[in-house]
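Visitor: I would like to learn how to read a few features of this model. Can you take me through them?

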Amino acid sequence: MNYEPARLQQMANAVRALSMDAVQAANSGHPGMPMGMADVATLLWTEFLKHDPEDTHWADRDRFVLSAGHGSMLIYSLLHLSGYAHPTIDDIRNFRQLGGPCAGHPENFLLDGVECTTGPLGQGLAMAVGMAMAERHLNAVFGNELVDHRTWVVAGDGCLMEGINHEAIGLAGNLQLNRLVVLWDDNNITIDGSTDLSTCEDIPARYRAAGWTTLECEGHDFGDIRRALGEATLADRPVLVRCRTVIGKGAPNKQGTSATHGSPLGDDEVAAARETLGWNHPAFEVPADILSDWREGAKTRATEHADWDDRLAASPNRAEFERRMAGDLPEGKGIADEFASWLSGDQKVATRKASEMVLSVLTAAIPDLIGGSADLTGSNNTKTASTEPFTKNNYAGRYVYYGIREFGMAAAINGMALHGGVIPYGGTFLIFSDYARNAIRLAALQLARSIFVLTHDSIGLGEDGPTHQPVEQVMSLRLIPNLNVFRPADIIETAECWQLALQHKGTPSALCLTRQGLPQLRHEGEMLSAKGAYRLHAAQAERKVVIVATGSEVALAMECAKRLESEGVGADVVSMPCMELFEAQDASYRAELLPADALKVSIEAGSTLGWERYVGQDGLTIGLDRFGASAPAEDLFDRFGFTADKIVPQIMNKISK
């Protein structure tokens with residue numbers, strides 16, 4: 001629905017009023033960006049954005065991403081005015097208050113219509129790249145009749161300065177994701193002041209160099225905005241629209257300055273803005289005629305939903321499409337049978353190779369899986385025969401060559417997971433998880449089923465030396481809430497950990513995998529890893545010791561137990577592939593595995609910090625609390641004490657005291 005400029009201005013001023021009122025009431029927030037982008041956002045949401053407030057999970061809706069998440073009142077205002085069930089006007093009154101859905105930055109788990117959690121600048125745009133990738137893939141699989149939508153992004157100067165922006169736009173440009181449109185709020189202001197203080201970049205030139213189309217518009221001229229958005233929908237590559245705006249537009253004494261960026265306007269300036277805007281209404285009150293215009297605009301855009309419903313009902317692919325969009329796994333008896341057959345084998349392989357073997361089974365049976373690697377495909381072992389390259393010429397492909405873009409890859413994976421219809425995974429070296437850490441954290445916060453394949457997980461990678469040898473990374477990842485960190489000990493645990501990662505819809509997973517070969521330790525038992533830890537070996541003599549280990553050190557723990565048994569000391573071995581799942585077990589199970597009357601010993605080739613939780617102050621923590629060195633893996637394990645010859649005497653000395 002196309003409104004006259006005067007009506008559009010009043011609709012946009014409703015966004016401005018709600019934004020400044022909410023920030024003023026909270027005495028906290030960022031009014032400038034919502035006030036500056038109100039005109040652009042109003043036209044987008046009423047004339048271009050395909051959405052339906054009555055069905056926030058409509059699969060073929062356009063995705064709207066507020067990458068500049070500090071301006072959260074923009075999306076809260078847009079959702080409320082468009083007729084979404086939430087936020088209500090009372091929710092907006094309680095902006096930034098405990099228990100309310102209108103958090104300081106938009107959170108996808110609090111409000112329908114918020115596609116992803118944003119605030120860490122640049123990541124919203126990078127996740128939008130992932131959403132656009134998912135859309136193109138599903139379009140290639142199911143056709144235009146079921147999947148044909150756009151991803152719209154509002155990004156600020158900060159989003160475009162962040163390093164992840166370089167990674168994200170390079171990926172999007174190379175893939176020619178022409179359903180992706182970024183609206184750049186070009187207001188020349190950051191918290192510190194004018195952007196001239198910190199940058200002299202020609203940003204459109206940078207985007208063009210990355211393979212984007214660039215457009216410009218006057219961000220307070222509705223006709224010019226309409227022209228630019230219309231042109232953006234016709235482009236054959238991703239689009240950056242430079243929207244020249246005034247931050248805090250309407251606040252007569254502060255607009256155009258950093259004073260409106262991250263602070264309330266103040267009562268006097270709010271009153272002055274009301275006069276300037278001609279908004280003669282009390283705080284949090286939107287006149288019925290303006291609200292009606294907003295609601296009618298949303299209803300007009302939603303008519304496309306009914307047509308789509310008819311196409312879905314008639315589609316022979318309906319059941320498969322709905323399964324995938326629901327995030328459900330296909331029937332997996334063949335998968336389970338294949339993995340069960342491995343128990344009778346005796347395969348000594350690195351867990352990164354075991355992961356590849358598992359993925360060969362999974363990707364053949366689960367078409368939802370889309371893999372990739374940050375330029376380490378041959379090392380991460382993430383590609384299988386079932387996953388053709390995902391390229392600008394083949395969006396049906398299921399393997400993404402991300403290039404050396406760990407952070408951008410992780411954020412794109414999050415975007416794909418949040419879009420739905422695909423289950424993304426991506427690989428890099430564990431040491432480089434630090435590059436991607438904030439995106440991994442955001443996956444956990446957003447309840448996204450993102451899977452991070454992190455190989456070369458210890459000093460066992462050998463000669464590349466301490467720059468590449470993880471020490472603190474595994475334990476550091478365990479600090480992130482709602483992240484399952486798996487460190488499997490052999491091929492069987494690797495298969496189980498992959499299955500668990502797929503089963504946990506609302507939890508991302510990090511699979512930490514070895515470079516070096518590991519013996520197969522398991523020949524019986526079904527999905528023992530599901531409890532996070534289990535007794536792999538029970539003491540033969542009277543139990544005096546319980547050795548807890550993960551990954552490559554489980555085999556070492558078994559060797560230590562054998563030595564102890566030969567000395568008449570009974571020793572259990574507990575394999576703990578996932579601390580987080582173990583912590584979820586009841587107290588009785590945990591106490592039974594780690595009894596109070598035995599010496600408890602942990603062995604992990606990494607930081608010992610945190611293992612006190614399981615071994616206690618009187619236990620032994622065998623690990624590495626320093627950086628490694630460059631040498632063959634066997635020499636390093638010996639040098640740093642990861643041998644039975646060096647561990648068993650420590651245990652014997654401890655129990656003899």
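**Sheet, cores and helices**

Guide: First, the ground rules. This is a predicted model, where local features need pLDDT of at least 70, side-chain atom pairs count only at pLDDT 80 or more, and totals for chains, interfaces and linings use all residues. Residues are numbered from 1 along each chain as its sequence is written, and side-chain values use heavy atoms, with hydrogens and water left out.

Visitor: How many residues of helix 16 are buried?

Guide: Helix 16 has 14 of its 14 residues buried. Gly420 follows helix 16, with a positive phi near 95°.

Visitor: In what order do the five strands of the open sheet run?

Guide: Strands of a sheet pair through backbone hydrogen bonds, either parallel or antiparallel. Two strands pair if DSSP finds at least two bridges between them. Here the order is 1-2-3-7-6, with parallel pairing. Strand 1 (63–66) and strand 6 (213–218) are the edges, each pairing on one side only. Strand 3 (residues 180–186) and strand 7 (residues 239–244) are joined by six bridges. Leu183 has Val241 as its bridge partner in strand 7.

Visitor: Which residues have the most contacts inside the largest nonpolar core?

Guide: A nonpolar core is a set of buried Ala, Val, Leu, Ile, Met, Phe, Trp, Tyr and Cys residues joined through side-chain atoms within 4.5 Å. The largest one has 130 residues, and Phe64, Leu125, Met133, Leu183 and Val241 have the most contacts inside it. Helix 5 (residues 123–142) gives the largest share, 11 residues. Apart from this core lies another, of 49 residues, including Met475 and Ala605.

Visitor: What does Ser458 touch?

Guide: Contact means heavy atoms within 4.5 Å. Leaving aside neighbours within four places in sequence, Ser458 is in contact with Gln469, Pro470, Arg487, Gln516, Ala605 and Phe637. Ser458 sits in the loop between strand 12 (451–455) and helix 18 (473–478). Its relative accessibility is 1%, so Ser458 counts as buried.

Key. Buried < 20%, exposed > 50% of the residue type's maximum accessible area, 1.4 Å probe, protein only. Helix = DSSP H or I, 4+ residues; strand = E, 2+ residues; numbered from the N terminus.
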